Amino acid sequence: MPVPETIRVIIVDDQAMVRAGFAALLAAQPDIDVVGEAPDGRQGVEVARAAHPDVVLMDVRMPELDGLSAAREILNPPPGVTHRPKVLMLTTFDVDDYVYEALRAGASGFLLKDAPPADLIAAVRIVAAGEALLAPSVTRRLIADFAASRPAPRSDRVALRLNGLTPRETEVLELIARGLSNQEIAGKLVLAEQTVKTHIGRVLAKLDLRDRAQAVIFAYESGLVTPGTR
């Protein structure tokens, strides 16, 4: 997926200083345009519907409507609303139940609020390009921890979806779930990196998944991958 020439961003956070700081940092980038802000989830949904951003930076904990509920509304809009931006969750905790649920709802990843400025800028660009922000050092642990606490037996429907994958596609899905990058998957399977990207695209299409984050969730919850295994 190509990156928009100018990435339109809105910032949803109940702390005015956080919004102002993020807005100043992002607006200083030549390829990023901050097109709106909101102090709570309810207004965040309204601004997202009106401003048509490419990326929504969404705080997890807010009044009126929390970030998780707001993300669900934005990512699963009512009939007639066609615009669906990418949602990047902001949190002060590296392991947060809400973040896991947000990934399940379709958020493209999460970022710690105290991350270096360069990480925030990179995160917006990564998510705008259609990739998931899955830092193996944090996200793999988060997903594994919460998947372990929510045992979900593989249903017939899930099994059928998995059976639609080729053996190679199943291998690629397992490696995605273990936090490997495209380059690492290519090295492990002795494939060209472009071939890996093609396999990932087919996996997402066959499983009707939005992005890499949902692929990781699916792999754990389907039982294809179990937490703690290598």
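Asp-59 lies in strand β3 (residues 55-59), helices (H or I, at least four residues) and strands (E, at least two) being DSSP runs numbered from the N terminus. The model is predicted, so that local features need pLDDT of at least 70 and side-chain atom pairs count only at pLDDT 80 or more, whereas totals for chains, interfaces and linings use all residues. Residues are numbered from 1 along each chain as its sequence is written, and side-chain values use heavy atoms, with hydrogens and water left out.

An unreviewed UniProt entry annotates Asp-59 as "modified residue: 4-aspartylphosphate"; such annotations may be inferred rather than shown by experiment. Asp-59 is buried, with a relative accessible area of 5% (buried: under 20% relative accessible area, 1.4 Å probe, protein chains only). Leaving aside residues up to four places away in sequence, Asp-59 is in contact with Val-12, Asp-13, Asp-14, Gly-67, Met-89, Leu-90 and Lys-113, contact meaning heavy atoms within 4.5 Å.

Helix α8 (residues 167-177) packs against helix α10 (residues 193-207) at an angle of about 95°, the axes being 9 Å apart; axes are lines fitted to C-alpha atoms over the stretch in contact, and angles run from 0 to 180 degrees between N-to-C directions. Helix α8 is therefore roughly perpendicular to α10 (65 to 115 degrees). Arg-168, Glu-169, Val-172, Leu-173 and Ile-176 of α8 meet His-199, Ile-200, Arg-202, Val-203, Lys-206 and Leu-207 of α10.

The protein contains eleven helices and five strands, and 49% of its 230 residues count as buried.

Methods. Angles under 35 degrees count as roughly parallel, over 145 as roughly antiparallel, 65 to 115 as roughly perpendicular and the rest as oblique. Buried means under 20% relative accessible area, exposed over 50%, partly exposed in between (1.4 Å probe, protein chains only).
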